[in-house]
Amino acid sequence: MKHDWGEYYFSFDVGKQFRNLYTKGTKLNEKFTKYWEKLAETFKGNPWVIAYEFINEPFVGRALSQPYLLLPSIAERVYFQSFYDELTQRIRKIDSETPICFEPITFDQSFPIGINFLIIFLGFSHPPGGFS
């Protein structure tokens, strides 16, 4: 490759695909959801499966055209909350027992908003998938 792999994350095309992944109804989102539904069908009840993790270290997407997504907790509000909610609801129809792990953007926890000794972490408004 011409550049280090991480540099491509800031390209328009990669950003667009992340947005497609997180946006309900796009082809990529639907295929990703069907993939996870198949995994849930296959591994439901398997004692060797500790948990499902939908996406490891998700990236914000269109960071160049939407730089505010790089701010702490914004990507979770704009994309991840609804993405994880929808995916969790569909998986729970198949497997209601296996724990599901959720991640914010990788660097989100590195920048707490602090006032004196009070530190507030913002991001998800509720547990992905809702309260149960």
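In which helix do Lys34 and Glu30 both lie, and how many residues apart are they?

Modeller: Lys34 and Glu30 both belong to helix α3, which covers residues 27-43, and they are four residues apart, about one turn of the helix. Helices here are DSSP runs of H or I with at least four residues, strands are runs of E with at least two, and both are numbered from the N terminus. An α-helix has 3.6 residues a turn, so residues three or four places apart point the same way.

Before going further, please note that this is a predicted model, in which local features need pLDDT of at least 70 and side-chain atom pairs count only at pLDDT 80 or more, while totals for chains, interfaces and linings use all residues. Residues are numbered from 1 along each chain as its sequence is written, and side-chain values use heavy atoms, with hydrogens and water left out.

Lys34 and Glu30 are joined by a salt bridge, with 3.7 Å between the closest N and O atoms. The term requires a side-chain nitrogen of Lys or Arg within 4 Å of a carboxyl oxygen of Asp or Glu. Side chains of opposite charge can pair when their charged atoms come close. Lys34 counts as partly exposed because its relative accessibility is 48%, and Glu30 is also classed as partly exposed, at 25%. On this scale, buried means under 20% relative accessible area, exposed means over 50%, and partly exposed lies in between (1.4 Å probe, protein chains only).

The structure holds five salt bridges. One of them joins Arg90 to Glu37, the closest N and O atoms being 2.9 Å apart. Arg90 lies in helix α4 (residues 74-92) and Glu37 in helix α3, so this pair ties together parts that are 53 residues apart in sequence. Both Arg90 and Glu37 are buried. Arg90 forms another salt bridge with Glu86, where the closest N and O atoms are 3.9 Å apart. Arg90 and Glu86 both lie in helix α4, four residues apart, about one turn of the helix; both residues are buried. A network of salt bridges links Lys24, Glu30, Lys34, Glu37, Glu86 and Arg90.

Ile91 lies in helix α4 and is buried because its relative accessible area is 0%. The C-alpha atoms of Ile91 and Lys34 are separated by 9.5 Å, although the two residues are 57 apart along the chain. Leaving aside residues up to four places away in sequence, Ile91 touches Trp36, Glu37, Ala40, Tyr52, Phe54 and Ile100, where contact means heavy atoms within 4.5 Å.

A nonpolar core is a set of buried Ala, Val, Leu, Ile, Met, Phe, Trp, Tyr and Cys residues joined through side-chain atoms within 4.5 Å. The largest one has 24 residues, of which Tyr22, Trp36, Phe54, Val60, Phe80, Phe83 and Ile91 touch the most other members. Helices α2 (12-22), α3 and α4 each supply at least two residues of this core, and α4 gives the most, with seven. In α2, the buried residues are Gly15, Phe18, Asn20, Leu21 and Tyr22, and the buried residues of this helix pack against α3 and α4.

Aromatic rings also pair in this protein. Rings of Phe, Tyr and Trp (its six-membered ring) pair if their centres lie within 6.5 Å; planes under 30 degrees apart count as stacked, over 60 as edge-to-face and the rest as tilted. By this rule the count comes to 18 aromatic pairs. Tyr9 and Phe18 form a tilted pair, 5.5 Å centre to centre with 55° between the planes. Tyr9 is partly exposed at 27% relative accessibility, whereas Phe18 is buried at 12%. Tyr35 and Trp36 form an edge-to-face pair, 5.8 Å centre to centre with 85° between the planes. Tyr35 counts as partly exposed at 47%, and Trp36 is buried at 9%.

As for the whole, the protein has four helices and four strands, following the pattern α-α-α-β-α-β-β-β along the sequence. Of its 132 residues, 36% count as buried. Among contacts between residues at least 6 apart in sequence, 67% join residues at least 24 apart.
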